[in-house]
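These are my notes from a first look at one protein chain. I went from the whole chain to single residues.

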Amino acid sequence: TGDASVASRDHLSSLVPGRPYPRTAPSHPLRLQHDGGALGKDTLAIHCIHLDDAELELLRETDTIVVHNPQSNMNNAVGAARVLEMVKRGIRVGLG
């Protein structure tokens, strides 16, 4: 039997493109999470809509789980995650 615990869950990359992160943010939230050691197999990264290829690779390398929330994303008109590409890369994706 496996341990079903989750160490961290974070809403990431759900802002609308063209609306910059606050000036006080030194980096993209996903990269900040990675640099702080917060990504990994016990982390749920929620939304992950606006990620570039390098950020998708960080998710794959760290075995981070993505939770895709299509209803929320459509209600807020923020876009959709690149779910098919994530799955092709071997990133674990669930529906929220």
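**Basis.** I am working with a predicted model, in which local features need pLDDT of at least 70, side-chain atom pairs count only at pLDDT 80 or more, and totals for chains, interfaces and linings use all residues. Residues are numbered from 1 along each chain as its sequence is written, and side-chain values use heavy atoms, with hydrogens and water left out.

**Whole chain.** I looked up the secondary structure and found four helices and four strands. Helices (H or I, at least four residues) and strands (E, at least two) are DSSP runs, numbered from the N terminus. From the N terminus the order reads β-α-β-α-β-α-α-β. I then checked burial: 33% of the 96 residues count as buried. Buried means under 20% relative accessible area, exposed over 50%, and partly exposed in between (1.4 Å probe, protein chains only). The accessible surface is about 5900 Å², and carbon and sulfur atoms hold 54% of that. Those areas come from the Shrake-Rupley method with a 1.4 Å probe; for residues, only the protein chains shown count as cover. For contacts (heavy atoms within 4.5 Å), I noted that 64% of those between residues at least 6 apart in sequence join residues at least 24 apart.

**Strands β2 and β3.** In strand β2, residues 43-47, four of the five residues are buried. Strand β3, residues 65-68, runs parallel to β2, and three bridges join the two. Two strands pair if DSSP finds at least two bridges between them.

**Thr64.** I looked next at Thr64, in the loop between α2 and β3. Is Thr64 buried or exposed? Thr64 is buried, at a relative accessible area of 1%. What does Thr64 touch? Leaving out residues up to four places away in sequence, I listed Leu39, Gly40, Thr43, Ala45, Leu59, Ile91 and Arg92. The Thr64 side chain also reaches the backbone nitrogen of Gly40 at 2.9 Å.

**Salt bridges.** I counted 10 salt bridges, taking a side-chain nitrogen of Lys or Arg within 4 Å of a carboxyl oxygen of Asp or Glu.

One of them pairs Glu57 with Arg60, with the closest N and O atoms 2.4 Å apart. The two are three residues apart in helix α2, so about one helical turn separates them. Glu57 is partly exposed at 24%, and Arg60 is partly exposed at 36%.

Arg92 forms a salt bridge with Asp63, at 3.4 Å between the closest N and O atoms. Arg92 is in the loop between α4 (83-89) and β4 (93-95) and Asp63 in the loop between α2 and β3, so the pair ties together parts 29 residues apart in sequence.

A further salt bridge joins Glu85 and Arg89, with the closest N and O atoms 2.9 Å apart. These lie four residues apart in helix α4, so they too are about one helical turn apart. Glu85 is partly exposed, with a relative accessible area of 29%. Through shared partners, salt bridges link Asp53, Glu57, Arg60, Arg82, Glu85 and Arg89 into one network.

Methods:
Polar contact = N/O pair within 3.5 Å; in protein donor to acceptor, adjacent residues only side chain to side chain.
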